[in-house]
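This report describes selected features of one structure, beginning with a single residue and moving on to strands and aromatic rings.

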Amino acid sequence: PAKWKGRCELNGTACNNKLIGARSFNNAAMSRKGQKGEAPIDEDGHGTHTASTAAGAFVDDAEVLGNAKGTAAGMAPHAHLAIYKVCFGEDCPESDILAALDAAVEDGVDVISISLGLNEPPPFFNDSTAIGAFAAIQKGIFVSCSAGNFGPSDGSLVNGAPWILTVGASTIDRSIVATTVLGNGEEFEGESVFQPSDFSRTLLLLAFAGTNALCGNGSLNDIDFKGKVVLCERGGGIGRIAKGQEVKRVGGAAMILMNDEINGFSLSADVHTLPATHVSYAAGLKIKAYINSTLAPTATISFKGTIIGNSLSPAVASFSSRGPNLPSPGILKPDIIGPGVNILAAWPFPLDNSTISNLNFNIMSGTSMSCPHLSGIAALLKSSHPDWSPAAIKSAIMTSADTLNLENKPIVDETLQPANIFATGSGHVNPSRADDPGLVYDIQPDDYIPYLCGLGYSDREVGIIAHRTINCAERSSITEGDLNYPSFSVVLGSSETLTRTVTNVGEADSSYVAVVTAPKGVDVKVQPEKLYFSKANQKETYSVTFNRLENGNKTGEFAQGSLKWVSAKYTVTSPILAKFA
């Protein structure tokens, strides 16, 4: 593109009109160890996988070990791509992240996709990603970040600044099925990418590793597992594939990996090193009960390949980090969920060393996978609506999201119960509806300054984020709830009134009526109850008053609901979260 100012730090012709930039930011390591910079080459696959998810071109005959066959494509397959490498091994220094974000802004990118995050959320003025992202949105650049993989515990979310799109992870409707078959005839569906065609359908002896059931490295030495199907438990800080490697090391024929209770029904299809299946916690308990019920328990695994049409999708993945958004609880996060479980995307090297191919793919799970889906969708929206601000694009994505799964029932989480708003945010992204949302909640970069002052940050702390001198005393601070955000998060001791302004980006002549689903124990009044528009880009303001009902909820509890603005053509939805003080 004519505006592009970036560069390629790869040798020779590695960059082209698709990959137009590749830079490495290794300043922290260089200054610490006196090393020279590393080339921006992907050493572990994560960057290749996420980049291709956002903007990979159409590739026919994609598959992983013969599964999930089809045409692969990123969300914005015709977009240019620039890569900024900031991780070196496990180390992703914050100074390098900030340097790369500044460079991306200078280079002239349109969307920044960040599949990185700290372990816990610092205040925004101590968060390099939040600081760098603020500089980006000041230049009209959209920033999308992973919510983190620390779910399902509450308050585990990172990258929650309101100028960032914070993305949780959901399942897709494709399963790569490996079914456990027990000697008593019971069957339990699980998943695995490795699906050997020659695995015996004959029942084999089934063993449980007892106190060593975590199947850590070297833990299975004491018992004879040769030729047996071994039941292992998830957890203990040991990777799922590593558990299978331990079973294989002691001569086990196959592994059944059962979830721990916290991960419930959330499964991953992995590239295991032996015949294996990953089953739910509930299935695992039944398999254990069967083992204890007979002297010679037997089992096998029936590999059924790729099956499309899981009607419970999209469901929130157990690992997807949850709100509340600790640095700013009055901003509901995550904003959105998108595909992040068992995602097929490009991979820089062959999975099995026997095949040398230029067409390598892998299946991975994480909010690292969901974030680039949303980044690519944001690129499509920006292309379709070049005049929209980052906040307008974000609003369009949030207010048009799906809250129902393929069965037309509320989206569930890893317990198979309806997921709460701290798991789903606004819901699951619906790209085509986001392209024509009707109304948007716009926010200009300067609008965040009174909000930051209102968080109680000092002038210096706000200045770090704003990249200029700020005097909060000269500005009227606003509460978190008064930021023109497309969702509502209120703490109810007494009454609270919040104001919002919507911009008409739909049909010029249109009217909307407010439809409220009040959180349990809360009275919600919208003023006015109807909005009338006569031209494009016209703005209208409304207020929402929240009152706690006399016989309402107990202190410390949460309740959720929604506000929908409904016209003949559009439904513009904002989630409501109420906490009782």
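## A residue in helix 8

Ile393 is found in helix 8 (residues 390-399); helices (H or I, at least four residues) and strands (E, at least two) are DSSP runs, numbered from the N terminus. The model is a predicted one, in which local features need pLDDT of at least 70 and side-chain atom pairs count only at pLDDT 80 or more, while totals for chains, interfaces and linings use all residues. Residues are numbered from 1 along each chain as its sequence is written, and side-chain values use heavy atoms, with hydrogens and water left out.

Ile393 has a relative accessible area of 0% and is therefore buried (buried means under 20% relative accessible area, exposed over 50%, partly exposed in between, with a 1.4 Å probe and protein chains only). Apart from neighbours within four places in sequence, Ile393 is in contact with Phe142, Ala378, Leu381, Lys382 and Trp388, where contact means heavy atoms within 4.5 Å. From Ile393 to Ser128 the separation is 265 residues in sequence and 23 Å in space, C-alpha to C-alpha.

An open sheet is formed by four strands in the order 18-20-24-22, with antiparallel pairing; two strands pair if DSSP finds at least two bridges between them. Strand 18 (439-440) and strand 22 (522-527) are at the edges with a single partner strand each, so one side of each has no neighbour in the sheet. Strand 20 (residues 496-504) and strand 24 (residues 539-548) are joined by eight bridges, and Thr499 has Ser543 in strand 24 as its bridge partner.

Strand 14 (residues 298-308) runs antiparallel to strand 8 (residues 174-182), with nine bridges between them. Strand 10 (residues 204-208) is also antiparallel to strand 14, through two bridges. Ala299 in strand 14 stands opposite Leu182 and is the bridge partner of Leu204.

## Aromatic pairs

The structure holds twelve aromatic pairs; rings of Phe, Tyr and Trp (its six-membered ring) pair if their centres lie within 6.5 Å, and planes under 30 degrees apart count as stacked, over 60 as edge-to-face and the rest as tilted. One of the pairs is Phe124 with Trp163, edge-to-face at 5.7 Å centre to centre and 65° between the planes. Phe124 lies in the loop between strand 5 (111-114) and helix 4 (128-138), and Trp163 in the loop between strand 6 (142-146) and strand 7 (165-170), so the pair ties together parts 39 residues apart in sequence. Both Phe124 and Trp163 are buried.

The rings of Tyr542 and Trp565 are also edge-to-face, because their centres are 4.9 Å apart and their planes at 65°. Tyr542 is in strand 24 and Trp565 in strand 25 (residues 558-566), 23 residues apart.
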